[in-house]
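I open this notebook to record what I looked up in the structure below. The entries go from confidence to chain, then to contacts.

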Amino acid sequence: MNQKARTPNVKTRQLTSALLKELKRIHLYILPVLWALFNIYCVIWITLTSLKTNRELATNPWGLPEAPQFENYTRAWESANLGLAFRNSVIVTGASVLLILVFCAPAAYALSRFKFKGSGWLTALFIAGAGVPAAMLIIPLFGLTQNLGLNDSLPGLILIYSVVSIPFTMFVLTGFYSTLPSEFEEAARIDGCTEFGVFWRVMLPLVSPGLITVAIFNFVTIWNEYALALVFLQDPEKLPLARALYGITSSMQYTGDWASLFAAVVIVMVPSLAVYALLSERLIEGITAGALK
Amino acid sequence: MYKGRRLLIVTFLLPALLMYTVFFVWPALQSMHLSLFEWSGFGEAKTFVGLRNFEELLDIIEIDVDNQFPFLHPTFRDQLFWLSVRNTLTYVFLGGVITFSLAFVLSAMLSSGIRGKKFFRAVIFAPNVVAVIALSQLWGRIYNPRHGLLRNFLLLLGQDELAKTSWLGPDHVLMSTLVAMSWIWVGFNLVLLLSAVEQIPKDMFDAAKVDGANPFQIFAYVTIPLIWDVLSIAVVNFGITALKVFEFPYVIKGLQAPKEATTMAIRNYVVGFGRRDPIYRLGYASAIAVIMQILVIILIVVFARLFRRETIEYS
């Protein structure tokens, strides 16, 4: 028999039987498919809408734009100075995430690997912050930052973002540290490693998945945040991206320039989604790992 | 060695502890203190008023009783505050029911071995990585009464009357906002629940099916107990998140937060910092925050009780 002639038939048969098997379970696909279609359509729709003229929004809601209005994007970019906002976001988010890691990685290590008197209480204190609404903090913090001269400044905002991220970060990191085996630590100590060396050379590499998870989670949260920036920043030159988008939504109400608003929404949305498309596995794994521990 | 260890613990712990105490713990305590005062924020003059802020918040001027449901129609001194309480609790409880129902249904579907599970999970989760402000504008656009997606869709279906609904108007804005926020929340909780459901060994389900259990019984007696730990974290986290809602409703209509969808957090911000309606009663705003905090604590305590149970080990 001719072996080569057989292979395409086998493959087609396999595919067909697989398809038929799935068709039997089609009722399980309906909701996920509809949901996914809706989400994808939203992105497409908002992108198409952003390329229309303002009049087209009403007259031609479903179709493609007659001529793509890229000026909507330049208008949005320039009116809100989004280039500057992007730079601010990079600075604020990057610095905050760095600060969080530098402060929390050692602290969580100290609390979970050394059972000293009060370590349980301190851990609980850190984690309890997760149940404190921002409303409890913003009024006194506003006064405090004013007194320290940190009001309406990027360093002030970085500090605030870092502090409010502490409870969640400590929750994940202390949980993560406590799952690590202590043999490596002990071995390192027996080998004459200093305490700091044990942390730096042994524990830190071991806990790095947890650090990456926390870093990604905090990065996404802070990058997308606008409420605290709304309270603590007034200077239009210092606004990060999400906060700048809020500014556009306000001013758009006066000008009625919806299309530019959507251009701005696309500018904010697409990079997040693009990065997400690359990293989604990582991110989701991180969240599930954190919850399952 | 012992001394080195002491020093290390202190050096490692101190920065975070210091920063946390000064910029988190102390301000939280200050809010509680401030709630007992009347202060405009300008100048040093703070007047001690004791619990008067709370009295004012909780004050009922009169109650109309009528024989129809829901019987009591209280008129509060601070109607806007109570509206925000109603809205916040709606988001928490109704939002919780909607979110977790959909999340459970979706995780059941996705964990049944269908193809493309990872794709669906990623797409459904996607709104959680986009800035809430962008999503709020997207939905504001979907709900737009003149050229919104929902309106055009309904027209396409021939539902001309329904298409005239003002989704962001006072009658519907609360539910509209809730639906939109649930869309985001479902994605997040789906990921949590799915990972927990997939941890359950397949033989558990097989054994139940052999014993003749229908899908509902399997759900109630196999799935739920075996994901209890993750479920409790998911529920408590959801409750706290929903209580704190601010960003989405604040901008759904662009300029001003619609009062029919305003939350307690928004009320606290407007009373304390409001730029358009300068109220500037910082003590009063802090009282609102304290009430929010009390609600969070109640929520955590109640759910901790409800979810208390030993962990299950797989043999």
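What pLDDT does chain B average, and what share of the residues score at least 70? I noted first that this is a predicted model. Chain B averages a pLDDT of 87, and 93% of the residues reach a score of at least 70. For the complex, I read an ipTM of 0.88 and a pTM of 0.88 from the predictor.

Entry on chain B. I counted 14 helices and four strands in chain B. The C-alpha trace of chain B spans about 80 × 70 × 40 Å along its principal axes. Of the 315 residues in chain B, 41% are buried. I also looked up the contacts in chain B with a separation of 6 or more: 65% of them join residues 24 or more positions apart.

Entry on the contact between the chains. Chain B contributes 73 residues and chain A contributes 71 residues. On the side of chain B that touches chain A, helix 1 (residues 2–34) of chain B gives the most, with 18 residues. I sorted the residues of that side by class and found 53 nonpolar, 14 polar and six charged.

Entry on a helix pair in chain A. Helix 5 (residues 82–113) and helix 10 (residues 195–223) of chain A pack at an angle of about 140°, their axes 9 Å apart. I recorded the crossing of helix 5 and helix 10 of chain A as right-handed. Among the residues that meet there are A:Ser89, A:Ile100 and A:Tyr109 in helix 5 of chain A, and A:Phe199, A:Asn218 and A:Trp223 in helix 10 of chain A. By class, this contact has 13 nonpolar, four polar and no charged residues.

Key. Residues are numbered from 1 along each chain as its sequence is written. Chains are lettered from A and ligands numbered from 1 in the order in which they are written. This is a predicted model: local features need pLDDT of at least 70, side-chain atom pairs count only at pLDDT 80 or more; totals for chains, interfaces and linings use all residues. pLDDT is the predictor's confidence in each residue, from 0 to 100. Two residues are in contact if their C-beta atoms, placed from the backbone, lie within 7 Å. Helices (H or I, at least four residues) and strands (E, at least two) are DSSP runs, numbered from the N terminus. Ala, Val, Leu, Ile, Met, Phe, Trp, Tyr, Cys and Pro count as nonpolar, Asp, Glu, Lys and Arg as charged, and the others, Gly among them, as polar. Axes are lines fitted to C-alpha atoms, for helices over the stretch in contact, and angles run from 0 to 180 degrees between N-to-C directions. A crossing is left-handed if the near helix is turned anticlockwise from the far one by less than a right angle, and right-handed if clockwise. A residue is buried if 20 or more other C-beta atoms lie within 10 Å of its own, exposed if 12 or fewer, and partly exposed in between; C-beta atoms are placed from the backbone.
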